[in-house]
Amino acid sequence: MLDLSQDVRLLTAALVDIESVSGDEKAIADAVEAALSALPHLAVERSGETVIARTHLGRDERVLIAGHLDTVPVHSNLPSRVEGDLLYGCGTSDMKAGVAVALRLAHLIREPAKDLTYVFYDCEEVEAERNGLNRVAGRHPEWLAADFAVLMEPTDGVIEGGCQGTMRAEIAVSGKRAHSARSWLGVNAVHGAEAVLARLNAYQARTPVVDGLRYHEGLNAVSIRGGVAGNVIPDECVVTVNYRFAPDLSVEQAQQHVLEVFQGFAVTFTDLAPAARPGLTHPVAAAFAAAVGGQPRAKLGWTDVARFSELGTPAVNYGPGDPNLAHQKDEYVTLSKIVEAEAAMLDWLA
């Protein structure tokens, strides 16, 4: 059983050592549920491998603190190990350090000034339809009701406002099959993909300022497929592109932009997730920013703050891990950063 009374650094290591690759979170969800159920001031609910714990004190405001339990696949980086002030292991930065901080808050804060909801969810690192937070929002939206949310994503101890939207699209290039010995009788679709790549190479990404924070967009090829056999001129080539767009664009506007960039080609959208504007103008968010300190910055990536935004809840990203280390084989978290995050959150909530 997880010991929530232990030092947050030790708790982080204990969580890291429970392997929880996306789709295989039962062991860690069981451990989290058991630890939270032992706390009499919390009411605990569960949906699949998502665990939710809430206070019910009748406070005027409710704050939600969330973190995902899953990691990317292990890459010879378990069990965890400590070297100086660094804890190495799969999921240390993204985001078991943040989960450890949230669990410690649940253990330590028995009489908060605001009612609190803690959400520990599954399948964040995979496709959106499997996301545990998405599932709960559809089945039990009342569990997620809050005035403000903090997503404990790795931000290196700095508030990151909002998030970029993301979409994937397949750009299809058509050709005509022929025997490769008589290639002039066909049209090579793989060669034709050069025009798609040329547009990507010439693309100038926007860097708009949204609610005081600067975002940096990106439109990039992430895969390419084509070919029939070693002696056939291919009649189709598909380039998959990923567009990361700033929160001043809706999903529909972002789709229109991609269609304009690849005008003349067949475009099929395969995955869409909206952006979220920074939630820093909300009074509770402003108080949080004052307590945490530092200069807030834009979140250059997609996170589940977008889901809270869709629910009408302003949300920010804040956690002790370094986002640049996420998903790396040598992923680590700085132990002192975990302690700092715990102290900042305690000061704010208590």
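Predicted model: local features only at pLDDT ≥ 70, side-chain atom pairs only at ≥ 80, totals over all residues.
When I say this morning that two residues meet or are in contact, I mean that they have heavy atoms within 4.5 Å of each other.

Helix α8, residues 283–292, packs against α10 at an angle of about 135 degrees, and the two axes are 9 Å apart. On the α8 side the residues are V284, A287, F288, A291 and V292, and in α10 they meet A344, M345 and W348. If you sort that contact by class, you find 8 nonpolar residues, no polar ones and no charged ones.

From α3 the contact takes in A97, V101, R104, L105 and L108, while α10 supplies I338, A341, E342, M345, L346 and L349. By class, this contact of α3 with α10 has 9 nonpolar residues, no polar residues and 2 charged residues. The residues involved are V8, L11, T12, L15 and V16 of α1, together with T92, K96, A97, V99, A100, V101, L103 and R104 of α3. In the contact of α1 with α3, the division is 9 nonpolar, 2 polar and 2 charged residues.

Which residue is joined to M95 by a cis peptide bond? The partner is D94, and omega for the bond from D94 to M95 is near -5 degrees, with M95 placed in helix α3 itself.

Three strands form an open sheet in the order β4-β5-β19, with antiparallel pairing. Its edge strands are β4, residues 81–83, and β19, residues 332–334, each of which pairs on one side only, and the twist averages 25 degrees from one strand to the next. Within the sheet, β4 pairs with β5, residues 86–88, in the antiparallel sense over 3 bridges, and R81 stands opposite Y88 in β5. Helix α3 packs on this sheet, where α3 touches β5 and β19, and the direction of α3 makes about 50 degrees with that of β19.

The loop between β3, residues 62–68, and β4 holds P79, and a cis peptide bond joins L78 to P79, with omega at about 0 degrees. S76 lies in the loop between β3 and β4 too, and the phi of S76 is near 55 degrees, which is a positive value in a residue other than glycine.

Let me move to a hairpin. Strand β1, residues 43–47, and strand β2, residues 50–54, run antiparallel and are joined by 5 bridges, and E45 stands opposite I52 in β2. Between β1 and β2 the hairpin has 2 residues, and G48 in the turn has a positive phi of about 60 degrees.

Next, a loop residue with contacts elsewhere in the chain. V158 is in the loop between β7, residues 148–151, and β8, residues 160–161. Which residues does V158 contact, once its neighbours within four places in sequence are left aside? They are Q295, P296, R297, N317 and Y318. The C-alpha atoms of V158 and P320 are separated by 8.2 Å, although these residues are 162 apart along the chain.

Finally, the overall picture. The protein chain has 10 helices and 19 strands, and its radius of gyration is 23 Å, close to the 20 Å that the globule rule gives for 350 residues, so the chain is as compact as a globular protein of that length. The C-alpha trace spans about 80 × 40 × 40 Å along its principal axes.

Conventions: Residues numbered from 1 in each chain as written. Heavy atoms only, no water. Helix = DSSP H or I, 4+ residues; strand = E, 2+ residues; numbered from the N terminus. Nonpolar A, V, L, I, M, F, W, Y, C, P; charged D, E, K, R; others polar. Axes fitted to C-alpha atoms, helices over the stretch in contact; angles between N-to-C directions. Pairing = 2+ DSSP bridges. Rg over C-alpha atoms; globule rule 2.2 N^0.38 Å.
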